[in-house]
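The model comes first, and the notes follow.

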Amino acid sequence: MKIAILPGDGIGTEIVREAVRVLDALELRYESETALVGGAAYEAHGHPLPDSTLQLAKDADAVLFGAVGDWKYDKLERQFRPEQAILGLRKHLGLFANFRPALCYEQLTHASSLKPELVAGLDILIIRELTGDIYFGQPRGRRTAVDGHFPGAEEAFDTMRYSRPEIERIAHVAFQAARKRNKKVTSVDKANVLETFQFWKDVVTEVHAQYPDVELQHMYVDNAAMQLVKAPKAFDVVVTGNMFGDILSDEAAMLTGSIGMLPSASLDKNGKGLYEPSHGSAPDIAGKGVANPLATILSVAMMLRFTLNQPAAADRIDTAVKAVLAAGLRTADIWSEGTTKVGTREMGDAVVAAITGKTITKTT
Ligand code: IPM
Ligand code: MG
């Protein structure tokens, strides 16, 4: 198996370093190659997704991705901004199915801004369509504009669009995922206003006929945003389009109080995947050694489970992370009174120690 390692920008390099150490601790046989992506690639090669990086990702069985972006690139023409790297990878690799679990760890129940009883034991899965919708719809642009920031433009537009096959395949992914969980899918749309999402709702309903054992519920996106903070545990699998999924997955992640804990997987039709933490590049804390590497470490577990067919190794990572939390180790983002604050490297050390069976030493 070959893994492309793309750390990216900001805290990306620090957290991916720890995730790779954890992967190595499992002593599996794998090949890997590391490449620049995002702002780091732009600085070195003049493009956030150089051909060589894209080719490496295409040739690999799985991609481990850190994060991209920094405010300093906001003034660049859109095609050169770091975010284009992840959008380009999703599109070119056909990574249409994005799994974003929101899991509330027992020890972190109090990290949520919601009442503990609302989130205790929370385990929901957002499945976001990732290669269609207004993110990739054509046409798009700004009238009267020529390049860069278009100060003189009078109007701008992006096109929201979904095709039947795009909706069908993500609906199948959602129903199949629900079968392995609590057999309930909430499809989120805005069918009361948008044609694209009336179509979405119709197609999801059609596909549902093949899954009579799974319960399907439709919900408008505004209501879904509200229900997620009102009664999050009422959801099991949530399936939605690219843009609503972007927004709702951040909301769901924060229910757990710790976006630094949440992994994600973006899969193609054959199960090849790109694995990345749900959080961003956090330029404000980059290089300080304080970022939480657990989301990236847990993304490695998803990679082992979904693409590399090593479920036992994935379980070892999940168990190690739980052991480290139980031992009271916390990075700054999840720290609370009475626990031990550790940095990125120490957190990585602790997970490695838990995997290799050594005792976890508390460091203060
Ligand atoms: C995400 C991010 C990306 C997105 C950005 C970085 C392009 O917010 O993965 O959720 O909007 O999809
Ligand atoms: Mg997002």
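In this predicted model, an N or O atom in the side chain of arginine 90 is 2.7 Å from an oxygen atom of ligand 1. That pair falls under polar contact (N or O atoms within 3.5 Å; within protein, one must be able to donate a hydrogen and the other to accept it, and residues adjacent in sequence count only if both atoms are side-chain atoms). The protein covers 73% of the 320 Å² of accessible area that ligand 1 has on its own (Shrake-Rupley method, 1.4 Å probe; for residues, only the protein chains shown count as cover).

**Conventions**

- Residues are numbered from 1 along each chain as its sequence is written, while chains are lettered from A and ligands numbered from 1 in the order in which they are written.
- Local features need pLDDT of at least 70, side-chain atom pairs count only at pLDDT 80 or more, totals for chains, interfaces and linings use all residues, and side-chain values use heavy atoms, with hydrogens and water left out.

**Ligand 1**

- Around ligand 1 are Glu83, Arg90, Arg100, Arg128, Tyr135 and Asp246 (a heavy atom within 4 Å).
- Tyrosine 135 has a polar side-chain atom 2.5 Å from an oxygen atom of ligand 1.
- For aspartate 246, a side-chain N or O atom is 2.9 Å from an oxygen atom of ligand 1.
- The shell has 5 charged residues, 1 nonpolar and no polar (Asp, Glu, Lys and Arg are charged; Ala, Val, Leu, Ile, Met, Phe, Trp, Tyr, Cys and Pro nonpolar; the others, Gly among them, polar).

**Domains**

- Domain 1 spans 1-96 + 268-364 and domain 2 spans 99-262, with bounds from an automatic or database domain assignment.
- Their C-alpha centres lie 23 Å apart.
- The contact (heavy atoms within 4.5 Å) takes 28 residues from domain 1 and 24 residues from domain 2.
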